[in-house]
Amino acid sequence: MNALKQYIDLYDEHRQLVDSNSAPLLNERRAEARDALSACVLPKKGSENYEHTDLSAMLATDYGINIARQPMSVNPAASFRCDVPNMSTALFFLINDAWARTDNSFNKIPEGVVIGSLRKVAAERPELLADYYGKVADMSNPMVALNTLLAQDGMVVYIPKGTVVEKPIQLVNIFSSDCPLMAFRRLLIIAEENSQAQLLICDHTQNQEQDFLSLQTIEIVAKAGAHFDLYDLEESSHRTKRISTLYVRQEQDSNVLVDGITLTNGQTRNEYYASLDGRNASLSLLGMGIEDDDRRIDTYSLISHNVSDCTSNELFKYVLDDNARGAFCGRIYVAPYATKTEAYQANRNIVVTDTAKMHSKPQLEIYNDDVKCSHGTAIGQLDPQQVFYMRARGLSEDVAKTLLKQAFMADVIDGVRLPALKDRLRMLVEKRFSGVDANCTACGADCMSTLEHI
Amino acid sequence: MLKVKNLHAEINGKEILKGINLEVRPGEVHAIMGPNGSGKSTLSMVLSGNPAYTVTDGEVEFYGKDLLEMPAEVRSHEGVFLGFQYPVEIPGVSMVNFMRAAINEKRKYFGQEPMSATDFLKLMREKRAIVDLDNKLASRSVNEGFSGGEKKRNEIFQMAVLEPKLSILDETDSGLDIDALRIVAGGVNTLKSENNATIVITHYQRLLDYIKPDFVHILYKGRIVKTAGPELALELEEKGYDWIKAEIDKNEL
């Protein structure tokens, strides 16, 4: 049976309930999503671009879906303070996939900027979103279609022309449920001409022993001259799975950074699709994964250089310990007329044990000869000479290896453009490698104590 | 201090050391010389506990304890220091963090609290002066982008910080110009006392002009084939190794 059919049936059966708990703009796209979904077969494990992820197995657990939108009554922001030094953010929450009401009084946001519930903004100001919602992402991707079919809420960030949002925006995604739950998280980010903003997303899981699946789609539009940074920090649980599809469309002179950081997870499939559609657009796509036990991470990326003079820099690094599995498949496409393209792709990995595995597939597809492109991958172990040098100075094998793993991640951390986040990340990575659970208690964001009040 | 008896060791199944005997007492300086491939570096690696080498026979006592039983880091805590022929670059790990970890691991081994930040900085400053090491190098990644001379000075700096009982300096003179050689040798002499000992592994007499050995050993084909006073180094400088090789090879036939 097609694993997607259960969701189509669910939608057909509860269409009224789904629609009435969402907004007309979101509902309008569902028909197209339904058509796309019923036309496609879920890619099998081993098929092109899905070599190491079994989507049907990820979807197999009988997760509950909160289409009736059981409401959250308490405002998490009322008791929440991010107590990481210097990390002052405008803070928002998605509990599972529902926007949690936030007291905006201490989120000083410039006039004209819209940060809020996707459902609410889509209902009140559909004209802001109509050109982009469900149009930046590719509906022929089954995970996008599935998200669009059932997403009822999420987050909108709209930055008007020329506006600079100084304070980083932070979205905390929290899984909280006593039964297995699937969340359809949806984000739409529109950075108008010459605007600037930074968004930090943190994924947390409250119930560590519960099964969760986050099916997330993020659409980003960076208009001419816009600068936008997205840091997507995953600190979920061993039993949390995540399938994320991120689409970014860039116009001329725009500058976008997307950084996917997985500190703790269960199983993660991250897909990144970037379309460089205007000249001099520049993209940094960075990521790291720290995987141990039997955790899994699989990254797919497609960066399309569609016009001349664009630059992209891609770097993904993993450290795989115990029985962890990692996969990276990255493709850079350079169109026939996209001359003077500069595109660099690198994937480097440390496989610590004999039982951990890494698969890497870097790809370049270039249709003109006036480009500077490179791609490379490396899978290796910690250098025994470095370990011995450190041991000869009195560091135990464990300490030496921990220092080396931290050092390995240094260039990804250095790519972070938010100084406070860079410091915090350095600390989180250190704690993660030295065996202290990076999750939650070490984070300092203290989301969990907040939740007790909900 | 150090008693090496009939030491045999191999790497990747190839026997390199074929019965080394050596005794070092506090206050002594031993020079080990010998042609390329004779096993000099292997001896230093085996004594400092590199797991890539396997000891197949013999024993090594260090202050009455079985040195070969100890992992590399414990040998370091107990006072064995290896100055590397090729100091390893460790990008991303700063010299300061590295030394702090080294000091505090040693203190932990002896049941002491970690060193305070003030004491640590003071110690760094004091020891840097011994080898004239630039402060900037200390804040950089371990050995990364250091010149050959800076790497070797950095080795002696680490030796000064760790205050070992036995220092094994593996070709510390290679790749050094005459000024750097003087600084490095000066550092070694400053740190020398009647309580510690040094094994200097070198190809050339010139280092021994600065670091005066009490004994000179010639290592050939995995054995110490000749031991004498400092005059042996001068003789080697003049005559090369061929006469020794001929003598030994003739006896083997």
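Predicted model: local features only at pLDDT ≥ 70, side-chain atom pairs only at ≥ 80, totals over all residues.
A:Gln345 belongs to strand 18 of chain A; helices (H or I, at least four residues) and strands (E, at least two) are DSSP runs, numbered from the N terminus. With a relative accessible area of 3%, A:Gln345 is buried (under 20% relative accessible area, with exposed over 50% and partly exposed in between; 1.4 Å probe, protein chains only). Beyond its neighbours within four places in sequence, its contacts include A:Glu314, A:Phe328 and A:His375, contact meaning heavy atoms within 4.5 Å.

## The sheet

Ten strands of chain A make up an open, mixed sheet in the order 3-2-6-8-10-12-14-16-18-20; two strands pair if DSSP finds at least two bridges between them. Strand 3 (98-100) and strand 20 (371-380) of chain A each have a single partner strand, so one side of each lacks a neighbour in the sheet.

Strand 18 (residues 341-351) and strand 20 of chain A pair in the parallel sense over ten bridges. A:Ile350 has A:Gly380, in strand 20 of chain A, as its bridge partner.

## Basis of the description

Residues are numbered from 1 along each chain as its sequence is written, and chains are lettered from A in the order in which they are written. Local features need pLDDT of at least 70, side-chain atom pairs count only at pLDDT 80 or more, and side-chain values use heavy atoms, leaving out hydrogens and water.
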